Amino acid sequence: MCGIFGYLGPKNPLQICLAGLEQLEYRGYDSTGIAGIRNGQIVFCKKAGKLSNLLASMTLNNLESAIGHTRWATHGQISDQNAHPHLDSLHSIAIVHNGIIENHHSLRARLIEEGVTFSSETDTEVVVQLMAKYYQGDLKSAVQQVLALVQGIYAIAVVHKDHPDQIIAAAKECPLAVGLDPMTHESFLSSDPNTFPSSNLDIFFLKAGEVAVIRKGVAEVYNAEQQPIYKSTERLQLHYTEPSKEGFDHFLLKEIHEQPHTVLKAILGRFQELTGNVEFESFQIKDEELAAYQRVCILACGGSAHAGSIGAAYLEELAKIPAQCEIASEARYRSMLLTPDTLVIVISQSGETADTIAALRMAKEARCKILAICNVPHSTITREADAVIYLKAGTEISVCSTKALTSQIAVLALFALHMARLRGLSADAAREFFRHLQQIPKQIHQVLNAIPQLRKIAEKYSRYDHFFFIGRLYMYTTSLEGALKLKEISYVNANGCPAGELKHGPFALINSDFPVVAFCANQQTKDKMLSNLAEVKARGAPILAFAPLGMEDVEIIANDVFWLPPTTDLLAPFTATVAAQLLAYYIALERQCNIDQPRNLAKSVTVE
Ligand code: AGP
C-alpha cells in the first residue's frame with residue numbers, strides 16, 4: 001500500500017509532487033522518493049524513512065516533470081535501495097509503483113539469465129528493467145508489452161529521459177486518478193484524487209488494461225488492444241483540509257476528542273422525530289427494496305469489521321433480520337452462498353482497502369446490491385457501491401482508527417433502526433432508541449472528562465507486555481477493538497477473547513504478569529462476567545474493569561475500575577470503546593511509542 005503522485009505543467013514539478021506526497025503519507029511512510037527529467041537525464045532522490053528524511057537530503061531542482069512515491073514495504077526491506085523510484089540499469093526509465101507483481105521472481109530470473117543486474121530486492125524493479133528491454137523509442141508500447149507479461153495488481157507512473165513531455169500511467173485493481181486542466185496546461189496523477197490541489201480539474205480513473213499517455217493539460221488513453229479510447233471526465237468536489245493537531249500532542253488524541261462531535265454529525269438530520277423514521281441523504285436504495293431483503297451480510301477488515309460485528313448484532317436485535325459480519329480477507333476466498341436477496345454492506349473508513357474491495361466485487365458477481373458505509377468521497381468503494389452512507393467524520397489521519405469507528409457504529413445503529421421501521425418496529429420504539437443514541441455524544445464527553453483517572457490507570461498498567469481483553473455480548477467485540485488499539489499503537493501483545501472462552505484454553509496463560517481488561521458494560525451478561533472475573537482472580541491476574549456506574553459488585557473483584565456513564569446494552573460499545581482508546585493512548589505514551597504512525601502499519605491497506 002503505497003501512494004504515487006505525478007505532475008506535468010508550468011509550475012515547479014518538484015514542489016507540486018512533494019506537496020502531493022505529503023498528503024499521501026497515510027498510504028505508507030517507510031520510505032519516499034521522487035524522479036524527474038532534467039536536460040535529457042533522469043534525476044532522482046529517494047530515502048528510507050518519512051518524507052522529512054527525503055526533504056533533508058533533497059538534491060533535485062529544475063525538473064521538467066516529476067513522479068513521486070510513498071512506500072509501505074511489501075517486497076524488500078525498508079532501505080534507500082528499495083525505496084521508489086526504481087530505474088533500469090542504464091537509467092533511461094524511472095517507475096513508481098503501488099501494488100504487488102506476483103510473478104516477479106520468474107521474470108527476474110529470466111532477466112538475470114539475460115545479464116541484467118538488479119540493485120534492489122523489489123518486485124517493481126523487475127518491471128522497469130523489462131520496460132528497458134522492450135523499449136524501441138515508443139514508451140507507451142514498451143509499457144503495454146510489459147503489462148501483458150506481469151501478474152498482480154498495480155498502479156504505475158513511468159518517465160523516460162527521451163520523453164520529458166510525457167508521463168505514462170496504468171492501473172489494475174489499484175486506484176489511480178488523472179486530473180487535467182487544459183487551461184493552465186497542467187496534468188496531475190495520484191492514488192487519491194483528494195490530494196489534487198484544486199477542484200477545477202477534469203478527472204478520470206484508470207481501469208484495468210488502460211494505459212494513459214499524459215502530457216501538459218491533456219491525456220490519450222488506450223485500451224488493452226492498444227486502441228485509443230474516450231475517457232469521460234468529472235469535476236469532483238475535493239475535500240482536502242490541511243491536517244492540524246489543533247494543539248493536541250498527537251492526531252490520535254485530537255481525533256479521540258472529536259468523537260462527541262463526529263458521532264453527533266453521523267446521526268444529525270438523519271432521524272425524523274415526527275414520523276420516527278430514518279432518512280439518509282441521497283440514499284440510492286428504495287424502502288420497498290430494503291424491506292424485501294432476507295439477509296444482511298457485512299464485509300470489512302480490521303477495526304471496521306469490529307464495527308460491522310456490532311452492526312450485525314443491531315440488525316438482528318432491532319430489525320430481526322438475519323445478519324452476519326465477515327472479515328473480507330477471508331470472505332473473498334470462501335463460497336459465501338450470497339444470493340440477490342442478501343443486502344451486502346461494505347464498511348471502510350478509507351474506501352481503498354484491497355480485501356474489502358475484492359469482497360465487494362465478489363458480492364457484485366453474486367448479483368447482490370452493495371451499500372457502502374465510508375468516510376472518503378471519490379474512493380474506489382464509494383465509486384463501485386450501489387449506495388453510500390457517509391460517516392461525515394472528516395479526515396482521519398491517525399492510523400489507529402477512532403472517530404471513524406464510533407461513527408461507523410452510529411451509522412449502523414441508524415441503519416438498523418431504518419430496517420427495523422421498514423420491518424414493523426413502532427415509531428415510539430424508534431424514538432425511544434434514538435433518544436438513547438442522542439445521549440451518546442454527551443456520554444463520550446463524560447469519559448473524556450475522566451481522562452486524569454484513566455491516565456493514572458494506564459500508567460500503572462503500562463509496564464505489562466501481555467494482556468487479555470474480555471467481554472460478553474456487545475462487549476466481546478468491544479474487547480476485540482480495545483485489544484486492537486493497544487496492539488496497534490503500543491506494540492503490546494493484547495488478546496481479545498469472549499469471556500466465556502477463557503476456560504476453553506486461554507486460561508493457561510493467566511498469571512500475575514498477564515492483566516485482564518474486562519468490559520462489563522452489558523447488564524444482560526453481568527452475572528456471567530462477574531463469575532468469569534472471579535475465575536480470573538483465583539488465578540492471580542490483575543483485573544482492570546470498565547463498568548457502568550451503579551454496577552458496584554465489580555469493585556469487589558477488580559483491582560481497578562473505570563466507571564462508564566450507564567446506557568442501554570446495545571449502545572454501551574460507544575463509551576467503552578472510547579475508554580479503551582484512551583487506555584491504549586496513555587499506555588503508548590508511557591512506552592514512548594510512535595503514536596500517529598505506528599511501525600509496520602499504514603492508514604489504508606491497498607494490497608492483499
Ligand atoms: C484500525 O485502527 C486499523 N487502522 C485497521 O484495522 C483498519 O480498520 C483496517 O485496515 C480497515 O481499514 P478501512 O476501514 O479503511 O477499510
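Glu258 and Lys254 are both buried in this predicted model. The two residues form a salt bridge, with the closest N and O atoms 3.3 Å apart. In total, the structure holds 25 salt bridges. Helix H7 (residues 259–267) also pairs with helix H14 (residues 427–449), their axes coming within 8 Å.

**Other salt bridges**

- Lys133 pairs with Glu114, with 3.2 Å between the closest N and O atoms.
- Lys133 lies in helix H4 (residues 123–134) and Glu114 in the loop between helix H3 (104–113) and H4, so this bridge ties together parts 19 residues apart in sequence.
- Lys133 is partly exposed at 37% relative accessibility, and Glu114 is partly exposed at 43%.
- Asp162 and Lys161 form a salt bridge through their side chains, at 3.1 Å from N to O.
- Asp162 is partly exposed, with a relative accessible area of 43%; Lys161 is partly exposed at 24%.

**Packing of H7 and H14**

- The axes of H7 and H14 cross at roughly 165°, which means H7 runs roughly antiparallel to H14.
- The crossing of the two helices is right-handed.
- H7 contributes Gln259, Pro260, Val263, Leu264 and Ile267 to the contact.
- H14 meets them with Phe434, Leu437, Gln438, Ile440, Pro441, Ile444, His445 and Leu448.
- By class, this contact has 10 nonpolar residues, 3 polar residues and no charged residues.

Terms used
Residues are numbered from 1 along each chain as its sequence is written. This is a predicted model: local features need pLDDT of at least 70, side-chain atom pairs count only at pLDDT 80 or more; totals for chains, interfaces and linings use all residues. Side-chain values use heavy atoms; hydrogens and water are left out. Axes are lines fitted to C-alpha atoms, for helices over the stretch in contact, and angles run from 0 to 180 degrees between N-to-C directions. Helices (H or I, at least four residues) and strands (E, at least two) are DSSP runs, numbered from the N terminus. Angles under 35 degrees count as roughly parallel, over 145 as roughly antiparallel, 65 to 115 as roughly perpendicular and the rest as oblique. A crossing is left-handed if the near helix is turned anticlockwise from the far one by less than a right angle, and right-handed if clockwise. Contact means heavy atoms within 4.5 Å. Ala, Val, Leu, Ile, Met, Phe, Trp, Tyr, Cys and Pro count as nonpolar, Asp, Glu, Lys and Arg as charged, and the others, Gly among them, as polar. A salt bridge is a side-chain nitrogen of Lys or Arg within 4 Å of a carboxyl oxygen of Asp or Glu. Buried means under 20% relative accessible area, exposed over 50%, partly exposed in between (1.4 Å probe, protein chains only).
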